[in-house]
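Trainee: I have this model open and would like to go through a few spots with you. Could we take them one at a time?

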Amino acid sequence: MKAKILLVEGKRADRPSFVAGLTRKGYQLTTVPTGARAIAHLEQEKPDMVVINAASMRTSGRRICLSVRKKYRELPIVLILDDHDDENIEKDGIANEILSLPFTLQKLLNRMRPLLPAQQKDLIQVGSLQLDTVHRVAYLGNRQARLTPRLVVLLQALMERPGIVLPREDLFKIVWETDYTGDTRSLDVHVSWLRKALGEDPHNPQMIKTVRGIGYRLDLDEAVPPVINIEKEENP
């Protein structure tokens, strides 16, 4: 089931509405026209996120954000502003994400997704990295990358064992579904493609690290865990 979104949105005809777009994407959407109504709703039901379309209400949204933060500190907030609104609001830390009009619905979805809980069984999340295995799309920050089936399997294998050094031979067996590991150069090519899709610097990758002479590791911190054998781990 998709996440619950509380959308605070006014009725300005000269500003875009996000009701139809978010509903079309399958979110459980509740819409209220004012900050006061938003707080009243939050006292009855807690959503997974609050989206405040301040541009649709002729307001900076600052007071609404502060009211939500005061009572529900951990609740993610996305704030939508007019392009001429005070940029200093971005320094206040009152919202997790701030978007200034104009922008596309897809950009809004990209900013929302890392802040939402991974509720779908086909959605894998490690830190800010998400992988939708059904639609074959990876999300990292504001970046969205559509992957080939083989790259999905490769990324999934790395995400299921974050911080673990995976031997090249074991990764090859998983991705190519074979016991033959005589030539694993294709794996190196696919790792290069995956890095490019995720926006990594090919000369200095920070996320998919090469462990010389061994294999690859998905890095989310500075820890370097020991090498493991995937087949032994899965079939004790």
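Trainee: Where is V126 found?

Mentor: Keeping in mind that this is a predicted model, V126 belongs to strand 6, which covers residues 123-126.

Trainee: And is V126 buried or exposed?

Mentor: V126 counts as buried, because its relative accessibility is 11% and the cut-off for buried is under 20%.

Trainee: How far apart are V126 and R161 in space?

Mentor: From C-alpha to C-alpha they are 9.7 Å apart, although 35 residues separate V126 and R161 in sequence.

Trainee: Switching to the helices, how do the axes of helix 2 and helix 3 cross?

Mentor: The axes of helix 2 (residues 35-44) and helix 3 (residues 62-71) come within 9 Å of each other, and they cross at roughly 20 degrees. Angles under 35 degrees count as roughly parallel, and helix 2 and helix 3 are therefore described as roughly parallel to each other.

Trainee: Is that crossing left-handed or right-handed?

Mentor: The crossing of helix 2 and helix 3 is right-handed.

Trainee: Which residues make the contact?

Mentor: Helix 2 contributes G35, I39, L42 and E43, while helix 3 contributes I64, S67, V68 and K71. Sorted by class, the contact of helix 2 with helix 3 has four nonpolar residues, together with two polar and two charged ones.

Trainee: Last topic: which residues of helix 6 are buried?

Mentor: In helix 6, which spans residues 168-176, the buried residues are R168, D170, L171, F172, V175 and W176.

Trainee: What follows helix 6?

Mentor: Helix 6 is followed by E177, and the phi of E177 is positive, near 50 degrees.

Methods: Residues are numbered from 1 along each chain as its sequence is written. This is a predicted model: local features need pLDDT of at least 70, side-chain atom pairs count only at pLDDT 80 or more; totals for chains, interfaces and linings use all residues. Side-chain values use heavy atoms; hydrogens and water are left out. Helices (H or I, at least four residues) and strands (E, at least two) are DSSP runs, numbered from the N terminus. Buried means under 20% relative accessible area, exposed over 50%, partly exposed in between (1.4 Å probe, protein chains only). Axes are lines fitted to C-alpha atoms, for helices over the stretch in contact, and angles run from 0 to 180 degrees between N-to-C directions. Angles under 35 degrees count as roughly parallel, over 145 as roughly antiparallel, 65 to 115 as roughly perpendicular and the rest as oblique. A crossing is left-handed if the near helix is turned anticlockwise from the far one by less than a right angle, and right-handed if clockwise. Contact means heavy atoms within 4.5 Å. Ala, Val, Leu, Ile, Met, Phe, Trp, Tyr, Cys and Pro count as nonpolar, Asp, Glu, Lys and Arg as charged, and the others, Gly among them, as polar.
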